[in-house]
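Please open the model in the viewer and keep the selection panel at hand.

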Amino acid sequence: MPISNQLLVAIHNTDDGDITLAKAARIAVSLDAALHVVRVVRVVHETFADLTLHEVKTREALKSAVLRDAEAEVLEMIAAWQADAPKAVSMTCSVIWQTQDWPVILAIAEKIDADLIIKSMASSTLGFIRTPSDWHLLRHSTCPVMLVTPINWTQRPNIIAAVDASHDEPSALCDSILNAAQQLTSILRGTLHVASAFPSVERWLGPISVAIDFNKVRDNVQKQTDRHIEALTSRLKITGAHAHSREGEPANVITALCHSLDAQVLVVGTAQNTGPKMILLSNTAEQILQQARCDVLVVAAQPEPQLEPKPKVQA
């Protein structure tokens, strides 16, 4: 990340907002960071083209009343948290009337120079991300985004960092994931687990390897993956992390590990694409996000700087 000064909290309503605010405030208290809460009152369609002047005034009055009520609810929620807060936290809020929430969230995040966006999610058995809005937010955000469920964190939660440990070469994305996970683990006083998947040995070696001892090969690959995880964490001076390497598809391995460890936060990474590639997340990240049932923090590695061509020297 690192998270430092300013957090943006996006809520749907007060039903899920209380827990989302409590999670964000827990981070803010540890870092002495400020919080800005935004609630977008979404409207499906709004047009004044065929309305009379009286109808326009009536609609505007209704809109103002809805926004006042929504702002009052947010301020009441903030006041309720601050009344029992262990430490004072600077909190401000915005209530916006708009058809789409994600452009508003991104605009405010840029305006306040947010280090982290925390967005509430309604619980669902159909998947963690349920709306196109969430995908747009993840694809276009220039800062980390944490999507949270309406379930409180425990005192010492398990936090999983999902990395690619197929090699131990330095990786900007792995560094971003591990640094974010380590910082969050320190903030929440949790336990850090670093997980990586390796491909199925049988599928990897193919049909020509009938005489090969698959179990032995699998053990060797797993030990090598564990060594790579250790090398990645050691290089960043991360201590006390538990390494987990499993055979299988990355999304299945990571989500199964989240379930078995009862993890409350999963940290994943995706490339910081530009241009046409911006509309895509990595396939693995998308699959994990679709299957995960815990909070997910998505971080990105910054794109490599483009070197300007050297001027031609004329003879």
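The model is predicted, so local features require pLDDT of at least 70 and side-chain atom pairs count only at pLDDT 80 or more, while totals for chains, interfaces and linings use all residues. Residues are numbered from 1 along each chain as its sequence is written, and side-chain values use heavy atoms, with hydrogens and water left out.

**The cavity**

Select Ala-10, Ile-11, His-12, Val-38, Val-40, Asp-101, Ile-105, Lys-119 and Ser-120, which line the largest cavity. A cavity is a set of points, on a 1 Å grid over the protein atoms alone, where a 1.4 Å probe fits but cannot get out; lining residues have an atom within 4 Å of a point. The volume of the largest cavity is about 60 Å³, a volume being the space filled by probe spheres set on the points, with grid points joined across faces, edges and corners. Across the whole structure, the search finds 1 cavity of 30 Å³ or more. Strand 1 (6-11), strand 2 (34-42) and strand 4 (116-120) are the elements that give two or more residues to this lining. Helices (H or I, at least four residues) and strands (E, at least two) are DSSP runs, numbered from the N terminus. The lining residues comprise 5 nonpolar, 2 polar and 2 charged; Ala, Val, Leu, Ile, Met, Phe, Trp, Tyr, Cys and Pro count as nonpolar, Asp, Glu, Lys and Arg as charged, and the others, Gly among them, as polar.

**Helix 3 and helix 4**

Next, select helix 3 (residues 102-112) and helix 4 (residues 132-140). Their axes come within 9 Å and cross at roughly 30°; axes are lines fitted to C-alpha atoms, for helices over the stretch in contact, and angles run from 0 to 180 degrees between N-to-C directions. The two helices are therefore roughly parallel, the term for angles under 35 degrees. Trp-102, Ile-105 and Leu-106 of helix 3 make the contact (heavy atoms within 4.5 Å) with Ser-133, His-136, Leu-137 and His-140 of helix 4. This contact has 4 nonpolar, 3 polar and no charged residues.

**Helix 4 and helix 9**

Show Trp-135, Leu-138 and Arg-139 in helix 4, which meet Glu-286, Leu-289 and Gln-290 in helix 9. By class, this contact has 3 nonpolar, 1 polar and 2 charged residues.

**Helix 8 and helix 9**

Finally, select helix 8 (residues 250-261), which packs with helix 9 at about 35°, the axes being 9 Å apart. Here Pro-250, Ala-251, Asn-252, Ile-254 and Thr-255 in helix 8 meet Thr-284, Gln-287, Ile-288 and Gln-291 in helix 9.

Terms used
On a 1 Å grid over the protein atoms alone, a cavity is a set of points where a 1.4 Å probe fits but cannot get out, and a pocket is an open set with protein on both sides within 12 Å along at least five of seven lines; lining residues have an atom within 4 Å of a point. Angles under 35 degrees count as roughly parallel, over 145 as roughly antiparallel, 65 to 115 as roughly perpendicular and the rest as oblique.
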